[in-house]
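Here is a protein model to explore. Have the sequence and the 3D view ready, and let's go through it piece by piece.

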Amino acid sequence: MQQSELSFFVSDDEAVVAGVDEVGRGPLCGPVVTAAVILDPSRPIEGLNDSKKLSESRREALFDIIKERALAWSLGRAEVDEIDQLNILHATMLAMQRAVAGLSVKPSLALIDGNRCPKLPCAAESVVKGDSRVPEIAAASILAKVTRDREMLEMDRQYPGYGIAKHKGYPTKEHLEALAKLGVTPHHRRSFKPVRELVENLPA
C-alpha cells in the first residue's frame, strides 16, 4: 500500500491526516482499544496493511517502527464498565475521540475505518475497509491490535483456563465453555448476550 492511495480521499496536499481504527468490538471481555496515527511523509514505512492480514511477528515489528517514525500517534480505550454503560458502538466512538485528542499534532482530517465517525474537533470521513486502503488507518490498526493483544496475554495469566491468550476474548466455543464452567470475571462485558445470560442464570 502506497501513500498515493490517500489521494482518493484527500485533495489538499497540505492536509494533516490522521488514520483512526479500533480493535476489540466483538470480544466478550476486555476493553476496546483505538489508535490514531499521523504518518511522516519523509519517513515512509514499508509493509503497512490491515493488522489482521499480517503475522503476529510482523505486527510486532511494525508496532515499534510506527511509533518511531510517525509524526504523531496516540492510543485511546474504553473500559468494560463504559462498554456496558454506553453500548459497544458509543464506547468505540468515545475511545476514538480519546485517541485523536491525545495526538501531539492536531490533524485537519481524520479518516476513520468503517462506516461511522465519532464527533471530532476536525473534519472526519469514514472509509470502509480503510485499514487495507489507507496507510494511516493501517498503522492505527497495527498499534491498536498489538496493544490489545498484549493486554489479553496479561489477562490470560491472571485468569487461566479461559484461553484468552488464544482467542483474545472472542466468543469461541472454548471461551463459552470456560465461561460456563469457571464463571464470569470482572473483565467480562455483562451487556453482551452470552455473559448476560450466564449472570442472569446464577443462583440467587
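Arginine 43 is partly exposed, with a relative accessible area of 34%. Here "partly exposed" sits between buried (under 20% relative accessible area) and exposed (over 50%), using a 1.4 Å probe and protein chains only. The side chain of arginine 43 meets that of glutamate 68 in a salt bridge, at 3.6 Å from N to O. A salt bridge here is a side-chain nitrogen of Lys or Arg within 4 Å of a carboxyl oxygen of Asp or Glu. Side chains of opposite charge can pair when their charged atoms come close. This pair links distant parts of the chain, with arginine 43 in the loop between β2 and α1 and glutamate 68 in helix α1, 25 residues apart. Glutamate 68 is exposed, at 52%. As for the labels, helices (H or I, at least four residues) and strands (E, at least two) are DSSP runs, numbered from the N terminus.

A quick word on what you're looking at. This is a predicted model, where local features need pLDDT of at least 70, side-chain atom pairs count only at pLDDT 80 or more, and totals for chains, interfaces and linings use all residues. Residues are numbered from 1 along each chain as its sequence is written, and side-chain values use heavy atoms, with hydrogens and water left out.

Back to the charges: how many salt bridges are there by this rule? The count comes to 14. One of them sits inside helix α4, where glutamate 154 and arginine 157 lie three residues apart, about one turn of the helix. Their closest N and O atoms are 3.0 Å apart. Glutamate 154 is partly exposed at 36%, while arginine 157 is exposed at 57%. Helix α7 has a pair too: glutamate 200 and arginine 196 are four residues apart, about one turn of the helix, and their side chains meet at 3.9 Å, N to O. There is also a network of salt bridges linking Asp50, Lys52 and Asp131.

Now head for strand β1, residues 17-23. Seven of its seven residues are buried, so β1 is largely enclosed by the rest of the structure. In a regular strand the side chains alternate between the two faces of the sheet. In β1 both faces are covered: Val17, Gly19, Asp21 and Val23 are buried on one side, and Ala18, Val20 and Glu22 on the other. What about its partners? Two strands pair if DSSP finds at least two bridges between them. β1 pairs with β4 (residues 109-113) in the parallel sense over four bridges, and five bridges join β1 to β2 (residues 32-38), which run antiparallel. Valine 20 shows both sides of this: its bridge partner in β4 is isoleucine 112, and in β2 it stands opposite alanine 36.

In an unreviewed entry, the annotation "binding site" covers Asp21, Glu22 and Asp113. They span 93 residues in sequence, yet no two of their C-alpha atoms are more than 7.9 Å apart, so they gather at one spot. UniProt positions follow the numbering used here, feature names are shortened, and annotations may be inferred rather than shown by experiment. Aspartate 21 is buried, at 2% relative accessibility. Leaving out residues up to four places away in sequence, aspartate 21 touches (heavy atoms within 4.5 Å) several residues, including Asp113 and Asp131.

Where do the nonpolar side chains gather? A nonpolar core is a set of buried Ala, Val, Leu, Ile, Met, Phe, Trp, Tyr and Cys residues joined through side-chain atoms within 4.5 Å. The largest has 19 residues, and those with the most contacts inside it are Val37, Leu48, Leu62, Ile66 and Ile142. β2, α1 and α4 each supply at least two residues of this core, with the largest share, seven residues, coming from α4. A second, separate core of 16 residues includes Met152, Met155, Tyr162 and Leu179.

Leu179 takes us to helix α6 (residues 173-182), where His175, Ala178 and Leu179 are buried. Seen down the axis of α6, the buried residues fall within an arc of 105°, so they line one face of the helix; the arc is that of the directions from the helix axis to the C-beta atoms. What covers them includes α5 and α7. The face turned away carries the exposed residues Lys173, Ala180 and Lys181.
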